[in-house]
Amino acid sequence: MRASRLLSILLLLQSRGRLTARQLAGELEVSVRTIYRDVESLHTAGIPLYGEAGHQGGYQLLDGFRTRLTGLTAQEAQAVFLTGMPGPAAELGLGALAAAAELKIEAALPPDLREGSRCVREHFHLDAPGWYHDGDRVPRLPQVADAVWNKRVVTVLYRRWAEPCEVTRVLEPYGLVLKAGKWYLVARCDGTLRTYRVNQILDLRVTDETFERPDDFDLAGHWRAHLADFRSRLFQGHAVIRISPAGRERLPDLMSSAVVDAVTETAGPPDALGWITATVPIESPTHARTEFLKLGAEIEVLEPAGLREAMAGTAHRLAALYAGPDISRHTAGQP
């Protein structure tokens, strides 16, 4: 642990120039006194490191000195691909490794490229989850990730939508995918590749059994094919709608990209009020009714007849609800 900290001090000074003992202590989460002892050890080891007192003082390496100890460990090499995503890296249990890898890369870069990497980090930030979703709570994600790295078979208790809701599965975990703040596990079960929501894993046991993942397995390619198949099975029908100009403006914020694209591609010319008619895909009449109601009176369903009747029935119930007694009557006499 101390050897790693000494190397980190060297890399910090090499990549950032002069730093005070307090700044080093803050970066490494140790006391200032510990930094003093570590610096003394580096002096004893012959590292050309000197310090200056005063307000502008601090520790600095002699010009031209560069440590060659910047090679990445195997675990850091895995973590480096997640250095732009500190949240997911931490969820996978790789937060510290990702930080160490980033520091080594920064130290190995020439000064001009190093400054450019800092500029990118200061001006761009990735926040993967959507506005109304903070991402999954995945307490078992580090265990799953460890099984993926080490090709270990796992036995899981999994919660699914169909009956029976809780099932036991023996999985060969091939890879993890993070989509819109939600973690998915691609695993082989009973000879078939399947996808599992990690936050639906209720219990997990890593076995001593290992497996061999096929050399030609492409996680990204498999995920693209999985999404294409999912989308092809998702939409089971179509609806013909009329939508107002105001509704079209709100459409991208409220509807799926498939609906937005369909409106653009199938819309006829606007009528005298600016409304257009389009044919859009729907998952089911029940789901479509919920989705279309988000646009209120800015959308009208023309077909199918059953969906139009369901929309009309909901509208009538809403009208009756708001045409009832004033709410003040219900609260009269209440403190």
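Tutor: The count comes to five salt bridges, by the rule that a side-chain nitrogen of Lys or Arg lies within 4 Å of a carboxyl oxygen of Asp or Glu. This is a predicted model, in which local features need pLDDT of at least 70, side-chain atom pairs count only at pLDDT 80 or more, and totals for chains, interfaces and linings use all residues. Residues are numbered from 1 along each chain as its sequence is written, and side-chain values use heavy atoms, with hydrogens and water left out.

One of the salt bridges joins Asp208 and Arg152, at 3.5 Å from N to O. Asp208 belongs to strand β7 (residues 201-210) and Arg152 to strand β3 (residues 152-159), so the pair ties together parts 56 residues apart in sequence. Strands (E, at least two residues) and helices (H or I, at least four) are DSSP runs, numbered from the N terminus. Asp208 is exposed at 72% relative accessibility, whereas Arg152 is partly exposed at 23%. Here buried means under 20% relative accessible area, exposed over 50%, and partly exposed in between, with a 1.4 Å probe and protein chains only.

Another salt bridge is formed by the side chains of Asp271 and Arg242, with 2.9 Å from N to O. This pair links distant parts of the chain, 29 residues apart: Asp271 is in the loop between α11 and β9, and Arg242 is in strand β8. Asp271 is partly exposed, at 32% relative accessibility.

Arg308 and Glu300 also meet in a salt bridge, at 2.9 Å from N to O. Arg308 is partly exposed at 37%, and Glu300 is partly exposed at 23%. Through salt bridges that share partners, Arg242, Asp271, Glu300 and Arg308 are joined into one network.
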